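Here is a short briefing for a reader new to this structure. Look over the sequence and the model first, then work through the points by topic.

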Amino acid sequence: MSSPGSSERFLAKAPTVPADMSFLDLEDSVAPLEKPASRARVADAIRNLDWDDRVLCVRVNAWDTEWTYEDVIEVVSNAGPRLDELMLPKVQSAAEVVALDLLLTQVEKKCGLPVGHVGIEAQIETTRGLINVEEICAASPRLETIIFGPADFAASMEMPVLTGGVAIPEYPGDHFNYVFSKILMAGRANGLQVIDGPFLKVRELDSLRDFSQRTRVLGYDGKWALTPDQVGVLNEVYSPTQEQFDKAHAILDAYKKATEQDLAGAVMFGDEMIDEASRKMATKFVTRGERAGLTRSPAE
Ligand code: GLV
Ligand code: MG
């Protein structure tokens, strides 16, 4: 779920909402004049609140603003090790991901964090970003997740709509099917988690349930929530399959063996690298699956 970094109240509420991932926003939900003060607010919230084992992320501003580098330096230097990831919005090219990777490496060295500690989530929400999505998804080992941004994408396409991320009844079919599929394929081809963007009609929970089936059925891992009520609906829609539930157990077993017996922080699981963030994601799959009544399949 997203929470604006300019609001103490929303930041304080965020850890109480049962979302898999919380991201504290410095970008479009924060007014330009509030951006500098929000950096410290967000870093304080990360250090001082109890975020249980969810993935914790901050969305910085895009590289075409004057804010990005200070967002990264201030937040990563002051938030401490609990910060898992930065989200980079409006990614247009692989070079933008590489630039963030290089800056993160310097900041991590300077403040004593292990190099590679902070992962990257990239938002695809412009036409150029979509055209370059394959290179973007392969741009850095820090990349963990690719996220669609339907509102900015509709603006970038110059679509004649005033609300992004909802169904358009006049269109015979799913107007974003190509976009959803292209992003999903690029993400999956690079082993990334793939997340659908926000649904802006926040009071229409039934429409959200209906609309989110499109990306759930395609294979998306989840969808961004704007409110606690949306979190409830999306937790239901994106509950894991038996196969995902079994794989999550297998990841936890492999990670436990790696960290406790082999004393390694990151380890190969099949052809994937897994680490602490993978443990968090897998734990969520297990928790959600148990909540949905799944039990682990017997070993073959
Ligand atoms: C999200 O950032 C969007 O633009 O939809
Ligand atoms: Mg956006």
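Two residues are in contact when heavy atoms of theirs lie within 4.5 Å. By that rule, and leaving aside neighbours within four places in sequence, methionine 273 is in contact with Ala266, Val267, Met268 and Ser278. Keep in mind that this is a predicted model.

**Magnesium site**

- The magnesium ion is ligand 2, and Glu125 (OE) and Asp152 (OD) coordinate it at 2.1 to 2.2 Å.
- These two residues bring together distant parts of the chain, as they are 27 residues apart.
- Glutamate 125 sits in the loop between β5 (119-124) and α5 (127-131).
- Aspartate 152 belongs to helix α7, residues 150-157.
- Aspartate 152 has a relative accessible area of 23%, so it counts as partly exposed.

**Ligand 1**

- Which residues are around ligand 1? They are Arg59, Gln123, Glu125, Gly149, Pro150, Ala151, Asp152, Pro198 and Trp224.
- Glutamine 123 uses its side chain: a polar atom there lies 2.9 Å from an oxygen atom of ligand 1.
- Alanine 151 uses its backbone, with an N or O atom 2.8 Å from an oxygen atom of ligand 1.
- Aspartate 152 also has a backbone N or O atom placed 2.9 Å from an oxygen atom of the ligand.
- On its own, ligand 1 has 190 Å² of accessible area, and the protein covers 92% of that.
- Glu125 and Asp152 are among the residues around ligand 1, and they also coordinate the magnesium ion.

**Strand β10**

- Methionine 273 lies in strand β10, which spans residues 272-274.
- Isoleucine 274 is found in strand β10 too.
- Methionine 273 is exposed, because its relative accessibility is 54% and exposed means over 50%.
- Isoleucine 274 has a relative accessibility of 1%, so it counts as buried.
- Beyond residues up to four places away in sequence, isoleucine 274 touches Ile251, Ala254, Tyr255, Gly265, Ala266, Val267 and Phe269.
- Ala266 and Val267 are among the contacts of methionine 273, and they are also among those of isoleucine 274.
- From C-alpha to C-alpha, methionine 273 is 9.7 Å from proline 141, although 132 residues separate them in sequence.
- Isoleucine 274 and alanine 250 are 24 residues apart along the chain, and 11 Å separates their C-alpha atoms.

**Serine 212**

- Serine 212 has its place in helix α9, residues 205-218.
- Its relative accessible area is 0%, so serine 212 is buried.
- Which residues does serine 212 touch, not counting those up to four places away in sequence? They are Lys223, Leu234, Val237 and Tyr238.

**Cysteines**

- How many disulfides does the structure hold? The number is zero.
- Cysteine 57 is in no disulfide, and the nearest cysteine sulfur is that of cysteine 137.
- Cysteine 57 is buried, with a relative accessible area of 0%.
- Cysteine 137 is buried as well, at 3% relative accessibility.

Note on methods:
Residues numbered from 1 in each chain as written. Chains lettered and ligands numbered in written order. Predicted model: local features only at pLDDT ≥ 70, side-chain atom pairs only at ≥ 80, totals over all residues. Heavy atoms only, no water. Donors = N, O, S within 2.8 Å, 3.2 Å for Na, K, Ca; no water. Helix = DSSP H or I, 4+ residues; strand = E, 2+ residues; numbered from the N terminus. Buried < 20%, exposed > 50% of the residue type's maximum accessible area, 1.4 Å probe, protein only. Near = heavy atom within 4 Å. Polar contact = N/O pair within 3.5 Å; in protein donor to acceptor, adjacent residues only side chain to side chain. Areas by Shrake-Rupley, 256 points an atom, 1.4 Å probe, with all protein chains shown as cover. Disulfide = S-S within 2.5 Å.
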